[in-house]
Amino acid sequence: MKKDKELEFKIVQKINQLLAKVEDIPKEFIPKVNVSNDLAYPYIDIGFDGTLYLVVRERGIEQERIIYNNLDLLLREIFERLSFELAVKYELENRKDDSEYSLKKIEKIQNDYLKKFNEDW
């Protein structure tokens, strides 16, 4: 039994449309479809029946698998995680004088990234 290639193509297109709104996203942050990365970055797995899963694997061990019946909710979750990674990276690269990071600042940066990806988020 083969996985739904048409659905996979649709998801990849939506991901690419969202990613095009923000520049310089590290390659390892970009979510994959049906490709495990084993680096604890989330990826999307499409079940044989078309069920959508958010999966996180690390060192060959599945740490998380969440079922989604709605692609938009799945994409929001993926991009919330992605925007957090981007916010932490941005805060670290732009920190002044060895000051400590601020969680409130990171949350604001994360929300700014989310709005860039999709204004409704």
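Which side chains meet in a salt bridge with an N to O distance of 3.5 Å, lysine 14 and what partner? The partner is aspartate 72, and the pair ties together distant parts of the chain, with lysine 14 in helix H1 and aspartate 72 in helix H2, 58 residues apart. Keep in mind that this is a predicted model, where local features need pLDDT of at least 70, side-chain atom pairs count only at pLDDT 80 or more, and totals for chains, interfaces and linings use all residues. Residues are numbered from 1 along each chain as its sequence is written, and side-chain values use heavy atoms, leaving out hydrogens and water.

**Salt bridges**

- The count comes to 11 salt bridges, taking one to be a side-chain nitrogen of Lys or Arg within 4 Å of a carboxyl oxygen of Asp or Glu.
- Back to the opening pair: lysine 14 is partly exposed at 27% relative accessible area, and aspartate 72 is partly exposed at 46% (buried is under 20%, exposed over 50%, partly exposed in between, with a 1.4 Å probe and protein chains only).
- Glutamate 8 and lysine 5 also pair up, at 3.5 Å from N to O; they sit 3 residues apart in helix H1, about one helical turn.
- Glutamate 8 is buried at 17%, whereas lysine 5 is exposed at 58%.
- In helix H2, glutamate 93 and lysine 89 lie 4 residues apart, about one turn, and their side chains meet at 2.9 Å, N to O.

**Helices H2 and H3**

- Helices here are DSSP runs (H or I) of at least four residues, strands (E) are runs of at least two, and both are numbered from the N terminus.
- The axes of H2 (residues 71–93) and H3 (residues 103–117) come within 8 Å and cross at roughly 130°; axes are lines fitted to C-alpha atoms over the stretch in contact, with angles from 0 to 180 degrees between N-to-C directions.
- Residues meeting across the two helices include Phe79, Leu82 and Tyr90 in H2, and Ile106, Tyr113 and Phe117 in H3 (contact means heavy atoms within 4.5 Å).

**Positive phi**

- Most residues other than glycine have a negative phi.
- Aspartate 24 has a positive phi of about 60°; it is found in the loop between helix H1 (5–19) and strand E1 (43–46), and it is exposed at 69%.
- Arginine 59 has a positive phi near 50°; it lies in the loop between strand E2 (52–58) and strand E3 (61–68), and it is exposed at 73%.
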